[in-house]
Amino acid sequence: MGLYTQQNGKVSLFFGTLCIILLLSFCYSLGNAKIRQETVSDQRDEILSLSEKKWKWMMDRQIDSLHVLFDENIVSRQPEIRMDKAGQLDAIKNGNIRYKHINILETDIQIVDNISTLLTKVEFNFLGRKESEIKYVTEVYKKSSNDWKLILFQISPV
């Protein structure tokens with residue numbers, strides 16, 4: 001009878017310790033999940049803000065700001081046109097791209113590690129035109145050091 005009680009106590013101690021370990025692991029996971037969620041939320045806000053600034057810089061032809069934002073190897077695609085960084089900046093600087101107003105209709109953002117993909121439905125109003133155009137815009141940003149760089153900018157028809 002004494003042996004049974006001693007073994008029963010060891011079993012209870014084992015299960016009690018196991019429950020405490022599982023509970024602590026669960027609490028730790030919840031805490032890390034909340035930190036990760038807050039980090040992703042902050043990054044979402046940062047990317048959305050950066051995208052808005054990019055549109056303003058394009059409309060105002062702020063080439064210096066765009067030069068910093070665009071990655072050296074950016075790929076810029078529009079229907080039937082593919083440009084590198086220099087080509088995109090030149091098109092904006094010389095007025096080949098002349099936005100009067102840009103209206104964001106829908107936005108979907110995905111962040112995985114240091115890559116962010118922003119899919120947007122945009123209504124473009126161009127200088128000198130009465131009618132607007134609705135297009136899909138894909139922006140891919142990559143975080144290097146502390147800065148997000150635009151590595152892909154693509155405009156597609158709806």
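Q: Where does Asp113 lie?
A: Asp113 lies in the loop between E3 and E4. Helices (H or I, at least four residues) and strands (E, at least two) are DSSP runs, numbered from the N terminus. Strand E3 covers 99–112 and strand E4 covers 115–126.

Q: Before I go on, what am I looking at, and how is it numbered?
A: This is a predicted model, where local features need pLDDT of at least 70 and side-chain atom pairs count only at pLDDT 80 or more, while totals for chains, interfaces and linings use all residues. Residues are numbered from 1 along each chain as its sequence is written, and side-chain values use heavy atoms, with hydrogens and water left out.

Q: OK, back to Asp113. What's its phi?
A: Positive, about 55 degrees, although Asp113 is not a glycine. Most residues other than glycine have a negative phi.

Q: Is Asp113 buried or exposed?
A: Asp113 is exposed, because its relative accessible area is 60%. The cut-offs are under 20% for buried, over 50% for exposed and partly exposed in between, with a 1.4 Å probe and protein chains only. The areas come from the Shrake-Rupley method.

Q: Which residue has a positive phi of about 70 degrees?
A: Glu80, which is not a glycine either. Glu80 lies in the loop between E1 and strand E2 (81–83). With a relative accessible area of 86%, Glu80 is exposed.

Q: Zooming out, how many helices and strands are there?
A: Three helices and six strands. Along the sequence the pattern reads α-α-β-β-α-β-β-β-β.

Q: And how much of the protein counts as buried?
A: 29% of the 158 residues.

Q: What about the largest nonpolar core?
A: That core has 29 residues, and those with the most contacts inside it are Trp55, Tyr99, Phe124 and Phe153. A nonpolar core here is a set of buried Ala, Val, Leu, Ile, Met, Phe, Trp, Tyr and Cys residues joined through side-chain atoms within 4.5 Å.

Q: What does Lys54 pair with?
A: Glu139, at 3.4 Å, N to O. The pair links distant parts of the chain, with Lys54 in helix H1 and Glu139 in strand E5, 85 residues apart.

Q: Are those two buried or exposed?
A: Lys54 counts as buried because its relative accessibility is 0%. Glu139 is also at 0% and counts as buried.

Q: Which residue does Glu72 meet?
A: Lys85, in a salt bridge at 2.7 Å, N to O. Glu72 lies in strand E1 and Lys85 in helix H3, so the pair ties together parts that are 13 residues apart in sequence. Glu72 counts as exposed at 56% relative accessibility, whereas Lys85 is buried with a relative accessible area of 6%.

Q: And which residues make up the salt-bridge network?
A: Arg129, Glu133 and Lys135, joined by salt bridges that share partners. The side chains of Lys135 and Glu133 meet at 3.4 Å, N to O. Lys135 is buried, with a relative accessible area of 17%, and Glu133 counts as partly exposed at 25%.

Q: Which residues form the negative surface patch?
A: Asp42, Asp45, Glu46 and Asp147. Patch residues have over 30% relative accessible area and no salt bridge, and like charges are joined within 9 Å. Asp and Glu count as negative, and the place of the charge is CG of Asp or CD of Glu.

Q: Where does the largest share of that patch come from?
A: Helix H1 (residues 2–60), which gives three residues. Glu46 is found in helix H1 and counts as partly exposed, at 34% relative accessibility.

Q: Last one: where does Pro157 lie?
A: In strand E6. Pro157 is exposed, with a relative accessible area of 52%.

Technical notes:
Patches are made of residues with over 30% relative accessible area and no salt bridge: like charges are joined within 9 Å, nonpolar side chains (Val, Leu, Ile, Met, Phe, Trp, Tyr) within 5 Å. Accessible areas come from the Shrake-Rupley method with a 1.4 Å probe; for residues, only the protein chains shown count as cover. A salt bridge is a side-chain nitrogen of Lys or Arg within 4 Å of a carboxyl oxygen of Asp or Glu.
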